[in-house]
Amino acid sequence: MFNIPISYDQPVFRPPSEGRSFLIQVTLGCSNNLCTYCDMYRSKKYQVRELKTILSEIDQSSEYFQGMGINPKKIFLCDGDALGAPMNILIPVLEKINEKFPKIDRIGIYATAQNILEKTDEELSLLSSLKLNMAYLGMESGSDKVLHMIVKGNTQADMINASLKVKRNGFKLSTIAMLGLGGKKHSADHIQETIKVISETSPEYFSFLTTMALPNTPYKRMVDRKMIEMLTTKELFFEMREIIKGINPKLNEIVFRANHISNQYPIGGVLPQDSGEIVQALTSWMEQIPEGEYPPMPESM
Ligand code: SF4
């Protein structure tokens, strides 16, 4: 992230692939803020920021970048689900970005299935015509049982409909799933139903995070009370391997990566053509992992 003259409302998060993007906060916090494992925005009350403040930040930062001789190629709109902002905020923000940063390649955004379903096809299409054309969907699981357990606020059907809707309106889709999220009890369903959603929706990008029971989250309390049994490292690899093995993209190839800090070994490729190689690598790693070993806990990372 560049050192620009904007005072960000912390904490600020963005996907790993937006590491060099210029970040603009359109909303603060997350409109759901209920997912049991997530502690990202618990300190923030969800709100849409004032339009004039956002526009003024874009003006100031464009002057700053010009002075530095820097042309950002990518912009990312924060916070948790900035696509939830109304059109009368998003459109002037995007128009201002296009005016001040005409050389920008693309604008990305976190989106929930709910955000996407609440916008019409025409609205999404208008947004993508203004270069907002990369949506990151934290699906987490294709399993309704797991989605219900973590209070995601959307079902498998919502995830499928939202994914197809955002794609047909000019966005590229990056979908994120969480290994181990359903614990041992729902692992088989998590695998099966995640395969189904990813195959049917064929996001252009697909990635995994590894579930961690973060302190002070309802998820951690459920783990402590033995309501959720966490997966061992080997079982996490098994989930990843089975999901990759099962994905059969119906619409287009998928760029897959598991390179987040929460993943112990980075791996990636293009599905389906690299599936065999990825499955082989995961199988060989699994053979080397001792039974009963767990990934590092958050406190020790
Ligand atoms: S929708 Fe995303 S940011 Fe919001 S609570 Fe759930 S995981 Fe956290």
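Among contacts in the protein chain between residues at least 6 apart in sequence, 80% link residues at least 24 apart; two residues are in contact if their C-beta atoms, placed from the backbone, lie within 7 Å. The model is predicted, with local features needing pLDDT of at least 70 and side-chain atom pairs pLDDT 80 or more, while totals for chains, interfaces and linings use all residues. Residues are numbered from 1 along each chain as its sequence is written.

Let's step back to the whole chain. Its C-alpha atoms fill a box of roughly 55 × 40 × 35 Å along the principal axes. Of the 301 residues, 40% are buried, meaning that 20 or more other C-beta atoms, placed from the backbone, lie within 10 Å of a residue's own; with 12 or fewer a residue is exposed, and in between it is partly exposed.

Now let's look at helix H6, residues 156-168; helices are DSSP runs of H or I, at least four residues, numbered from the N terminus. Which residues of H6 are buried? They are Gln156, Met159, Ala162, Ser163, Val166 and Lys167. These cover an arc of only 135 degrees around the axis, so they sit on the same side of H6; the arc is that of the directions from the helix axis to the C-beta atoms. Ala157 and Arg168, on the other side, are exposed. Just after H6, Gly170 takes a positive phi of about 95 degrees.

Terms used
Helices (H or I, at least four residues) and strands (E, at least two) are DSSP runs, numbered from the N terminus. The expected span of a helix is 1.5 Å times one less than its number of residues.
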